[in-house]
Structure formats: C-alpha cells, structure tokens
Amino acid sequence: MAKDFTDLMNQLKDKKIEQFEVTPEDFPAFQKAFMSFGTRKRVVGQANKNGQLIYHYDHDAGNDGE
C-alpha cells in the first residue's frame, strides 16, 4: 500500500508527528504530493545514506511558507 504523503505532510504541519521517511522507491509519489502541498516551502528534507530522506516541518519559518 502506498503512503499518503499529503496526509503525512499535514500531520507534520499539525504537529502530530515530528518527521517521516521517504525511500528512493517512494520519492516519485512523494514529489507529486509535495508539489501540490500548500505550505511545501516549510517541509524540509535531509538526505541520509542509501538515498533515504527524512522530512520535518519548519514551524518557525514565518509567513513565507504560507
């Protein structure tokens, strides 16, 4: 079952979760959801070994991400 990345990003925004992981296999689905997400400028990713990405939400970004 594919992850619902829009839901995960909303959970980040609502402070229900602190972060989530995206694998290289899941990245195309994540990218599609990310580009449609209203406050995507606040969703920040960090690359780790083996192409895994960890995303969190920058709540301190001001209004630029809105």
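This is a predicted model: local features need pLDDT of at least 70, side-chain atom pairs count only at pLDDT 80 or more; totals for chains, interfaces and linings use all residues.
Reader: Which aromatic ring pairs with phenylalanine 5 edge-to-face?
Author: Phenylalanine 30 does. The ring centres are 5.5 Å apart, with 85° between the planes.

Reader: Why does that pair tie together parts that are apart in sequence?
Author: Phenylalanine 5 sits in helix α1 and phenylalanine 30 in helix α2, residues 27–36, so the pair links parts 25 residues apart in sequence.

Reader: And phenylalanine 30, buried or exposed?
Author: Buried, because its relative accessibility is 1%.

Reader: How many aromatic pairs in the count?
Author: The count comes to 7 aromatic pairs. One aromatic cluster is made of Phe5, Phe20, Phe27, Phe30, Phe34 and Tyr55.

Reader: Switching to the core. How many residues are in the largest nonpolar core?
Author: The largest nonpolar core has 14 residues. Those touching the most other members are Phe5, Met9, Phe20, Val22, Phe30, Val43 and Tyr55. Two or more residues come from each of α1, β1, α2 and β3. The largest share is from α1, with 4 residues. As a general point, nonpolar side chains in soluble globular proteins tend to be buried together.

Reader: What is valine 22 in contact with?
Author: Setting aside neighbours within four places in sequence, valine 22 contacts Phe5, Phe27, Phe30, Gly51, Gln52, Leu53 and Tyr55.

Reader: Now α2. Which of its residues are buried?
Author: Phe30, Ala33 and Phe34 are buried in α2. Seen down the axis, the buried residues of α2 fall within an arc of 105°, so they line one face of the helix. An α-helix has 3.6 residues a turn, so residues three or four places apart point the same way.

Reader: What covers the buried residues of α2?
Author: The cover includes α1, β1, β2 and β3.

Reader: Which exposed residues are on the face turned away?
Author: Pro28, Lys32 and Ser36 are the exposed residues carried there, on the face of α2 turned away from its buried side.

Reader: On to the sheet. What order do the strands take?
Author: The order is β1-β3-β2, in an open sheet of 3 strands with antiparallel pairing. The edge strands are β1 (20–22) and β2 (43–47), and each pairs on one side only. The twist averages 30° from one strand to the next.

Reader: Where does helix α1 lie?
Author: Helix α1, residues 5–13, lies across β1, β2 and β3. Its direction is at about 145° to β1.

Reader: How many bridges between β2 and β3?
Author: There are 5 bridges, and the pairing of β2 with β3 (residues 53–57) is antiparallel.

Reader: How many residues are between β2 and β3 in the hairpin?
Author: There are 5 residues between them. In the turn, asparagine 50 has a positive phi of about 65°.

Reader: Last one: where is glycine 45, and what does it touch?
Author: Glycine 45 is in strand β2. Not counting residues up to four places away in sequence, glycine 45 touches Ile54 and Tyr55. Glycine 45 and tyrosine 55 are 10 residues apart in sequence, yet 4.2 Å apart in space, C-alpha to C-alpha.

Reader: What does glycine 45 count as for accessibility?
Author: Partly exposed, because its relative accessibility is 43%.

How values were computed. Residues are numbered from 1 along each chain as its sequence is written. Side-chain values use heavy atoms; hydrogens and water are left out. Two strands pair if DSSP finds at least two bridges between them. Axes are lines fitted to C-alpha atoms, for helices over the stretch in contact, and angles run from 0 to 180 degrees between N-to-C directions. Contact means heavy atoms within 4.5 Å. Rings of Phe, Tyr and Trp (its six-membered ring) pair if their centres lie within 6.5 Å; planes under 30 degrees apart count as stacked, over 60 as edge-to-face and the rest as tilted. Buried means under 20% relative accessible area, exposed over 50%, partly exposed in between (1.4 Å probe, protein chains only). A nonpolar core is a set of buried Ala, Val, Leu, Ile, Met, Phe, Trp, Tyr and Cys residues joined through side-chain atoms within 4.5 Å. The arc is that of the directions from the helix axis to the C-beta atoms.
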